[in-house]
Amino acid sequence: MANRSNNKPIVWRLLHWGIFLGVIGLIPIIFGGNSYYMYVATLIGVYIITIMGLNLTIGYTGQISLGHAAFMGLGAYTVALMTLNGYSFWLALPLGASIAFVAGLILGLPALRVKHHYLALVTLGFGTVIYLFLSNEHEITGGFSGLPGIPRPSFFGINLSSNIAFYFLVAGFLVVLTIMMLWILNSRWGRAFKAIRENDMRAEMVGVSLLAYKLLAFAIGAAYAGVAGGLLAPLMKFIDPTAFPVHESFWFLIMLIIGGSGRFEGAFIGAIVVMLLPQFLRGAQQLYFVVFSAITLVILIFWPTGLAGLSDVFFRRVLKRNPPQLTK
Amino acid sequence: MNNILEIKGLKKSFYQLEAVGGVDFEVKEGEILGLIGPNGSGKTTLFDCVTGIQRPSGGDVFFMGKRITRMKPHNIYRLGVGRTFQLVQLFPGMTVLDNMVMAIQESEGTILSRLFQIDESKDVRRAIELLEFLNIIHLKNEVAKNLSYGQQKLLDLGMVLMSDPKLIMLDEPMAGVNATLGREICERLVELNDRGCSFLVIEHNMRMVMGLCHRIVVLDYGKKIAEGSPDEIQKNEQVMAAYFGG
Amino acid sequence: MFIQLVVSGISIGAIYALVAIGFTLLWQASRTVNFAQGDFLTVSAVLMFILVCLGVPFILALLVTVGISAVLLGYVVKRGIIQPLIDRSHTTIIVATIALSFLASNSISTFWSAQCKPFPQIFGMTPYRFGSIILSRQHVWTIVIAIALILAINLFIQRTKPGKAMQAVAQNREAAKILGINISSVTTMVFVMNAVIVVFAAMLIAPVYMVRFDMGAQLGLKAFYSATIGGFNQIRGALLGGFLVGVIETFTSAYISTEYRELVVLVVLIAVILIRKEGLLGTEER
Ligand SMILES: Nc1ncnc2c1ncn2[C@@H]1O[C@H](COP(=O)(O)OP(=O)(O)OP(=O)(O)O)[C@@H](O)[C@H]1O
Ligand SMILES: [Mg+2]
């Protein structure tokens with residue numbers, strides 16, 4: 001933005017955008033023939049959106065959320081129930097995101113007023129309750145039988161029911177949401193978020209309303225999860241509560257830490273690595289949980305910037321200069 | 001002259017310890033008031049209570065006639081009370097320039113406008129002016145944590161100056177700053193004071209306190225033991241006893 | 001019926017209280033919010049179960065588990081994971097304990113078993129009768145043992161030198177440092193203590209819940225609720241919170257709905273946070 005510091009990494013940004021858009025464009029060219037691969041790629045896109053939201057909450061503002069799976073569930077069930085009842089996806093998705101946003105505000109308000117770890121507690125409880133609600137309210141949510149036959153939307157008359165077409169829809173959302181997130185992070189809000197993470201007492205003493213900004217960061221993160229959920233429902237065409245249990249939120253945390261919390265690329269790298277690896281190395285799912293949670297601990301202790309921080313090493317050691325960052 | 005800050009019976013206890021035990025004094029408009037006292041006499045705690053960082057256990061604080069007791073720190077700041085900290089408080093991972101702009105951005109516009117405000121040239125210009133004055137302009141793109149202690153102290157001061165507060169509270173501005181720079185800071189404070197800014201200054205450097213302050217309040221064990229002009233304070237036996245162990 | 005419910009509520013509450021006390025001790029000593037607390041319990045239960053299955057007499061199995069837990073869940077966790085992170089943000093430590101929780105529960109389900117295993121009924125099955133009131137042995141013994149343990153912990157903290165050092169650290173780290181207390185070793189001691197407490201809680205809960213890789217998850221959360229409701233920085237807070245949560249839960253499932261007892265507890269929790277943010281018996285912290 002105008003008149004920021006002189007280390008405006010224009011080239012660096014262009015390079016990232018080139019890679020980002022290049023990968024999005026190349027995937028259908030290379031894997032377009034294989035419907036399953038397209039499905040996996042789309043799924044990863046959906047999760048990147050969730051983790052991007054989580055990164056705002058945790059990585060940039062230092063608030064914790066253990067309810068991201070539940071926010072995702074709110075978005076998914078809103079879209080599923082509305083589209084199954086004949087409403088347009090284009091109405092349902094914003095509504096799903098708004099519900100997640102408002103839920104974030106309502107949860108955050110009591111928790112953020114007080115101690116920091118209360119947010120962890122309250123979001124965890126919220127995750128449990130939403131899961132219970134989804135599994136027990138059969139009349140509304142179908143309980144464990146789930147909601148089958150969720151239709152895929154169309155876009156100005158273009159039918160998006162094939163996996164490859166739906167891929168482009170999710171890719172479009174991903175690009176738009178990425179731009180929005182970058183905007184937020186590079187705006188004065190982003191600076192305030194970071195200030196809170198860096199030194200919340202001083203932030204208050206320069207006029208930052210901690211409550212307002214923490215709430216915003218938390219609720220925007222929730223809204224991103226809501227959008228991701230709203231895309232997940234038509235992608236899978238079927239949802240049930242087992243897609244949104246509490247430990248799914250833990251899993252999101254692990255993705256973020258491995259990718260690089262507080263680094264913009266972190267969400268992307270984390271979701272891709274954590275979701276893609278098991279596709280290559282088939283085997284017991286539990287084993288991945290074990291391996292990835294162990295890696296997370298190691299990263300937290302020895303390498304807090306995650307995989308995204310690897311590029312720093314390259315800049316410092318090889319180029320002998322400060323690494324540029326996508327966000328200030 | 002009007003009082004810009006009035007402190008009435010302010011109290012703060014931690015468990016059994018009464019750090020501030022019912023202190024009254026006021027800062028008049030346009031005044032530089034010194035706050036001195038031995039280590040642990042409750043000066044910083046008093047600052048914390050005035051700026052909303054700590055909840056006072058009793059008493060009241062008025063700023064320009066408005067009761068600010070128990071208001072949130074950010075609201076107090078926006079009313080025009082700026083402060084520095086004894087242990088420098090910065091945003092260590094942000095650049096010097098971002099630290100400076102951060103100190104003003106929340107005083108401008110609404111929360112929504114802050115999301116869409118792209119043009120920050122006015123604030124950046126002001127930041128650069130101040131950094132030039134403080135002689136740390138060459139560091140403007142450096143991350144704050146890489147600055148030396150003295151430089152951090154200057155940045156802390158610069159941040160307070162960004163928003164043109166009506167009352168500036170400085171917690172030991174001279175500690176860890178070399179003499180030349182100290183004199184420059186004093187000059188700048190006087191200059192700001194001439195333009196109408198009031199000061200409340202905690203300082204152990206007596207030379208500076210006596211030279212700079214119009215009036216002085218002395219705390220000991222959380223109580224005010226003296227108040228008056230620098231000359232009066234220097235002659236006050238109780239103060240001397242508190243300082244030099246009587 | 002009413003009395004039975006109260007007793008069963010208190011018995012489950014006593015276990016919550018025990019786990020919650022461990023929780024608050026960790027918080028006071030190191031500002032660690034241990035999300036792996038429930039999984040510590042699972043690990044202990046599984047260890048004890050394996051030993052008992054190998055034919056080790058129960059008491060011996062308990063002692064061996066206490067030893068292993070003290071080293072692994074106390075010392076190693078403190079030195080290996082918490083120590084390096086202690087100067088970082090609370091969020092980092094929370095995330096680390098969550099990863100640890102994930103690691104523990106998934107390791108058990110992967111390398112041991114994902115099935116439920118019935119734990120031996122160490123207290124016997126025949127219920128006690130007091131006139132017309134019939135009380136389960138499990139409940140009665142749980143309450144007795146838990147209360148005895150809590151009293152012992154309290155005595156340790158109030159009367160012994162290391163206990164007093166713990167208190168000093170909890171109240172004012174800076175002052176404790178000046179008094180020459182080695183904060184790091186006090187913290188390690190607290191972690192070890194917590195690991196031992198958790199083994200006893202596991203022993204009390206395992207006959208009721210059965211042994212499974214995720215048996216601790218809910219329990220850890222309940223302990224967290226209890227500590228928050230009662231007051232995070234007070235042992236008696238954890239105690240009150242534990243009993244409250246246990247009783248509320250038991251009565252909700254008996255009279256309202258089993259599915260939503262979580263919800264009722266959560267509502268109570270939020271109400272407490274809103275009305276008295278330090279918890280019912282807690283004191284304000286810096
Ligand atoms: N958060 C706290 N908890 C407990 N005691 C505190 C706390 N803050 C300050 N104190 C105590 O209150 C008293 C006053 O401290 P304060 O920092 O206000 O003194 P001061 O006058 O600023 O001293 P100095 O000149 O050393 O800066 C001291 O005894 C200190 O130990
Ligand atoms: Mg001080």
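In this predicted model, chain C has a mean pLDDT of 88, with 99% of its residues reaching 70 or more. Within chain C, helix H2 (residues 37-53) carries the highest confidence, at a mean of 94, whereas helix H7 (residues 173-178) carries the lowest, at 81. The model as a whole scores ipTM 0.89 and pTM 0.88.

The interface between chain A and chain C brings 40 residues of chain A into contact with 43 residues of chain C. The size of an interface is often expressed as the accessible area that is lost when the parts come together; here chain A and chain C bury about 3600 Å² between them, and 79% of that area lies on carbon and sulfur atoms. Salt bridges between chain A and chain C number zero, while four residue pairs, both members at pLDDT 80 or more, are found in polar contact across the interface of these two chains.

On the side of chain A that touches chain C, the elements that give two or more residues are helices H4 (89-113), H5 (116-136), H11 (246-259) and H13 (285-302) of chain A. Of these, H5(A) provides the largest share, with 14 residues. The make-up of this side of chain A by residue class is set out below.

| Class, side of chain A that touches chain C | Count |
|---|---|
| Nonpolar | 27 residues |
| Polar | 10 residues |

Terms used:
Residues are numbered from 1 along each chain as its sequence is written. Chains are lettered from A and ligands numbered from 1 in the order in which they are written. This is a predicted model: local features need pLDDT of at least 70, side-chain atom pairs count only at pLDDT 80 or more; totals for chains, interfaces and linings use all residues. Side-chain values use heavy atoms; hydrogens and water are left out. pLDDT is the predictor's confidence in each residue, from 0 to 100. Helices (H or I, at least four residues) and strands (E, at least two) are DSSP runs, numbered from the N terminus. Contact means heavy atoms within 4.5 Å. Buried area is the accessible area (1.4 Å probe) that two parts lose on being put together, summed over both. A salt bridge is a side-chain nitrogen of Lys or Arg within 4 Å of a carboxyl oxygen of Asp or Glu. A polar contact is a pair of N or O atoms within 3.5 Å; within protein, one must be able to donate a hydrogen and the other to accept it, and residues adjacent in sequence count only if both atoms are side-chain atoms. Ala, Val, Leu, Ile, Met, Phe, Trp, Tyr, Cys and Pro count as nonpolar, Asp, Glu, Lys and Arg as charged, and the others, Gly among them, as polar.
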